[in-house]
Structure formats: C-alpha cells, structure tokens
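Thanks for coming. I will go through one structure today, beginning with the aromatic rings and ending with the contact between the chains.

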There are 2 protein chains.
Amino acid sequence: MKHITAAEIQQMEKIFRLNLVNSCTGYKSANLIATKSQKGNPNVAVFSSVTHLGSDPALLGFVTRPLTVERNTYKNIRETGYFTVNHIHEKMIEQAHQTAAKYDEHISEFAKTGLEEEYLDDFPAPYVGQSEIKLGCKYVNEYEIKENDTLLIVAAIEHIYFDEGIQMPDGWLRLDDAGSVAINGLDGYALPALLDRFHYARPDQEVKSFFSHENS
Amino acid sequence: MKHITAAEIQQMEKIFRLNLVNSCTGYKSANLIATKSQKGNPNVAVFSSVTHLGSDPALLGFVTRPLTVERNTYKNIRETGYFTVNHIHEKMIEQAHQTAAKYDEHISEFAKTGLEEEYLDDFPAPYVGQSEIKLGCKYVNEYEIKENDTLLIVAAIEHIYFDEGIQMPDGWLRLDDAGSVAINGLDGYALPALLDRFHYARPDQEVKSFFSHENS
C-alpha cells in the first residue's frame, strides 16, 4: 500500500493535492444549489458537500467559502434566505459541471448551460427542471470553521419533490431509480447501483437484507 | 411529482421520516471510523457524514451526537485525540452494517464482525484491515450545531493509505477501482461506476472529458 504523510501532503503541488485530498474521503453527494439575488438574477452551481444533519427537524448542511467562487450562491442565500438543492442525474453531468465555470454575476448559468429554471409553489428560489429529486430550503444558521475560513450553512428542508415511483413504503427514496449520481473528488461523476439494503443491526444477530425472502 | 411540505414531514411517523429525510439529500460517503479508548478497548462504527473540508491544510469533518449511539467513537476521540477513517468496500457491506448494532462498550465490534483490527506506523488508533483506502486523523476542533445538538468534528488528515494502482498521475483516486461504496439513506449500500471525469470548466467553452481523445 502507498503511504502518504501529512508532511508529504503539505509539500505537494497544489492541483495534485486538491485531487488527492478531495477524493480520499469517499463519494460525495452531487447537487446543484440554485438561488436568486435580490435584484432577480438566478444562479446555479455544483456542490458536493450537501449533507444530512437531522430528520426532526429536517435539516441539511453544506460547506462554502464566503469570498471565493461560490460567492453568488452565498450572497443570494443571505439576501433572500432561500435556496434549492437539486440532484444531479446521469443525463445532466456535463451541464452540471459547466455551472462551475466563473461566469459574471449578471449571467445566468441556467441560460448558459441549458438547465431549466423552474418555479414551484411560489417558492422564491428557482429549482432545476431536469432534476428528479429537489428540495426547497430555508437558511437557518451558519458556523464559521475557523481552521480554514469555510462556513457550514445549516438549512431547514421546507419542500421535497420526487417521482412517486422511487419511494419505498417505509419512506426511503431509492436513489438509483432516480439516476442520481455521486461525485468522486472534484470532477468525477459516478453512477451508483444499489447492492443491498439492510434491516436495523442488532448485537449477535445476522444482518438481514430487505430483499431476502428466505425466511418469509 | 410528489410534493411533501415541512408540515407534512413533521407529522410523519418517526421511521418513515428518518428514511425519507436521510435519503433526500443524495448519496453519502461510506466509512468506518475506528478508535481506541484510553483503557485500550477498540471500537469501529459506520459513519455516512464524513465530508471533505479543505485540502490545504488537509481537513475532513463528520457529524455525531455526543450522547447517543456513536458515543464510544466520540468519547474515544476526545480521550486519545486520534481516529481512523476506512472506506467501506463492496465485499464488506454486511460486516460494516453490523457495527451499527448497540454493543456494550467493552465489546469490540472488530471481534464481533470479523473486521480486521490493524495497526500501521505506530498510529494510536486501529485501521480496518480489509479497507483499501484508509486515513489516520487527528482531532482538531468541534462545533456544536445548536439547531439539533449535533457536533461537527473537524480533523486533520495525517496519513493516507491506498493501493497505488487507483491513483491517476494528477493525484486523483479513482474510487470505483477500489470498490468503495456510497450510502443511500440509513441502510442502503450502492456501488458507483465512474461515468466521466471533466476538466476545469470555463465560461463559453465546452466541458471536456479526461477520457476523450478526439482533439488530441
């Protein structure tokens, strides 16, 4: 096995380090965050840091830098209080990746990429029309991570939209039925296929699959 | 499309809500966090919240509850300052899921599940022998997310181990070559396959694949 130490990571060329460190923590969620400025300019950008924070209340988090490339997203969220989270699907990966280009603030990535700007149920932020799972979110709080000047944004999930066929009777959304992708590092898009789903684990009891009918 | 509102989420039966809200944000990283208590008891548990926080310095984060099921992990990290992050691979999903069972503190999930307790380069926390990508991490800080009493743990990546063959010349680790999985909700394990990897996006320039040689 190759072994790399912290001292070696520090000495690496910048892009090499970015690629290695961004990929070593595992797959990341693949979402487009869409917002609108107070002046009405829409914005949409790829984020790989959207994470579940809690179910009751339903909260998610994502990490951003207040003063770098994602500043339009952050500025718009602080101006309006709202944003949407839209899954990236296998058919949208090129368009999604293109949103990472540094467009001027007055240019809409929707217009430039062919992603559809969609408004649902009077929500103030746009959704991505092509996305099969989308969330309407309200800004709740932010935490400054002082170790590297990033921000953890905490938001409440106010609306969930999805195709009814991907939900199992126990509430679970089967993401491979929706064609949602995952991100590998900064720029790799991977399509997962479900291997198995397991019942609640208990000590000294064999792990049981949801799909096994051996004992039924 | 099915539309669910925040008011409906609040009214849901608890397990249904857990399943829905845990799956709606997209795929999550699939890792085993391993620790050792001051008394020497090893512990290993599944976490789906490990996230990249920054590359320089190399930092990762994960979310935990100080007083619930993951308390052994948190307690051991605070006692010793160290833990490891070990990718879950397609051949380990049953063993990994079994670590979520509520074992007593003095019982080692390594012994109960057949996961191999491995020590590398005098690091104080155990690694998981079967994992093909593993990180040795040092606790740096924690942030209390007051909205739901969770903690964001921030840690420095001190060691990275992986099979040399999965690294591309630009530093990127190809996770499907390692067989790493992703988590769908609380209990679904999915195996991603790389669709494509794209070069840095620039305004008004077509997205270019790393694997396309049309223009070379």
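First, the rule for aromatic pairs: rings of Phe, Tyr and Trp, the last taken by its six-membered ring, pair if their centres lie within 6.5 Å; planes under 30 degrees apart count as stacked, over 60 as edge-to-face, and the rest as tilted. With that rule, Tyr82(A), Phe123(A), Tyr127(A) and Tyr161(A) make up one aromatic cluster.

Two remarks on the source. This is a predicted model, where local features need pLDDT of at least 70 and side-chain atom pairs count only at pLDDT 80 or more, while totals for chains, interfaces and linings use all residues. Residues are numbered from 1 along each chain as its sequence is written, chains are lettered from A and ligands numbered from 1 in the order in which they are written, and side-chain values use heavy atoms, with hydrogens and water left out.

Back to the rings. Over all chains the count is twelve aromatic pairs. One of them is Tyr82(A) with Phe123(A), edge-to-face, at 5.3 Å centre to centre and 80° between the planes. Tyr82(A) belongs to strand β7 (residues 82-87) of chain A and Phe123(A) to the loop between β8 (117-118) and β9 (127-128) of chain A, so the pair ties together parts 41 residues apart in sequence. Strands here are DSSP runs of E, at least two residues, and helices are runs of H or I, at least four, numbered from the N terminus.

Phe123(A) is buried at 6%, and Tyr82(A) is partly exposed at 22%.

In chain B, Tyr127(B) and Tyr161(B) form an edge-to-face pair, 5.3 Å centre to centre with 75° between the planes. Tyr127(B) is in strand β9 (residues 127-128) and Tyr161(B) in strand β11 (residues 150-162) of chain B, so this pair ties together parts 34 residues apart in sequence. Both Tyr127(B) and Tyr161(B) are buried.

Next, strand β3 (residues 31-36) of chain B, where five of the six residues are buried. Two strands pair if DSSP finds at least two bridges between them. β3(B) runs antiparallel to strand β4 (residues 42-47) of chain B, with six bridges, and Lys36(B) stands opposite Pro42(B). The two strands form a hairpin with five residues between them, and Gly40(B) in the turn has a positive phi of about 100°. β3(B) is also joined by four bridges to the antiparallel strand β7 (residues 82-87) of chain B; there, Ala34(B) has Thr84(B) as its bridge partner.

Last, the interface. Contact means heavy atoms within 4.5 Å, and 108 residues from chain A and 108 residues from chain B take part. How many salt bridges cross the interface of chain A and chain B? The rule, a side-chain nitrogen of Lys or Arg within 4 Å of a carboxyl oxygen of Asp or Glu, finds eight. The side chains of Lys2(B) and Glu164(A) meet in a salt bridge at 3.9 Å, N to O.

How values were computed
Buried means under 20% relative accessible area, exposed over 50%, partly exposed in between (1.4 Å probe, protein chains only).
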